[in-house]
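User: Please take a close look at the aromatic side chains in this model and how they group together. One connected account will do, with the cut-offs stated.

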Amino acid sequence: MPRSLADGKTKFTILTTKPANPAAPTVTELNAGIDASCNVLASDFSFGAAASDKVNEGALCEDTNAQTSGRSNFTAGFTPFRYFDETGESDPTEGDDVFQAVKVKGTTLWAYARKTAKKSTDAWAAGDEIYLGAEIVTDNLTPPSDMGGWIKWRQDADVQAGYPFIEVAAGA
């Protein structure tokens, strides 16, 4: 298959229970998680690697400031939409489960994202490439800069561990 347009291709799943192996979650674990792909604002989705810390320790004989990449850094920021039932109450069955999972500061979650030629609505399958898996801890939700449009809140989570370019494991 040739190049693929990126629109509609990011699958984003949140797990409220730690997978047996966070660096190799199974198909069953991921498909049982909260599929946030259609419940998160695309325009400010930020989930991936960030520039690593730099180490500046050149030798005396070197006349340049040669840097080396040190500790890895990752970012996890996204804006979940709110979903309500006909009485105006939260409706987790229609998508508010994403908001409910991230609304309390200090909640530990595991998030996984796939960006391949598959559609974001396609189920996870063994062997799928996960561009980032991460253990995240939620911060307080903040209001978006523009309070118009859909009701939504911004989550800028703290990444505790990142697993770049891993693969979905087979099994339960």
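F12 is buried, its relative accessible area being 2% (buried is under 20%, exposed over 50% and partly exposed in between, with a 1.4 Å probe and protein chains only). The model is predicted, so local features need pLDDT of at least 70 and side-chain atom pairs count only at pLDDT 80 or more, while totals for chains, interfaces and linings use all residues. Residues are numbered from 1 along each chain as its sequence is written, and side-chain values use heavy atoms, leaving out hydrogens and water.

Five aromatic pairs turn up in a search of the whole structure. Rings of Phe, Tyr and Trp (its six-membered ring) pair if their centres lie within 6.5 Å; planes under 30 degrees apart are stacked, over 60 edge-to-face, and the rest tilted. One of the pairs is F12 with F47, an edge-to-face arrangement with 5.2 Å centre to centre and 65° between the planes. F12 is in strand β1 (residues 10-15) and F47 in strand β3, so this pair ties together parts 35 residues apart in sequence. Strands here are DSSP runs of E of at least two residues, and helices runs of H or I of at least four, numbered from the N terminus.

F47 is also buried, at 6% relative accessible area. The F45 and F47 ring centres are 6.2 Å apart with planes at 35°, so that pair is tilted. F45 itself is partly exposed, at 24% relative accessibility.

Seven strands form an open, antiparallel sheet in the order β2-β1-β7-β8-β9-β6-β3. Its edge strands, β2 (34-35) and β3 (46-50), each pair on one side only; two strands pair if DSSP finds at least two bridges between them. Strand β6 (residues 73-78) pairs with β9 (residues 155-167) in the antiparallel sense over three bridges.

Two other aromatic rings have an arginine over the face. R82 lies over F99, at 3.7 Å from the ring centre, and R114 over W124, at 5.1 Å from the ring centre. A charge counts as over a ring if NZ of Lys or CZ of Arg is within 6 Å of the ring centre and within 35 degrees of the ring normal.
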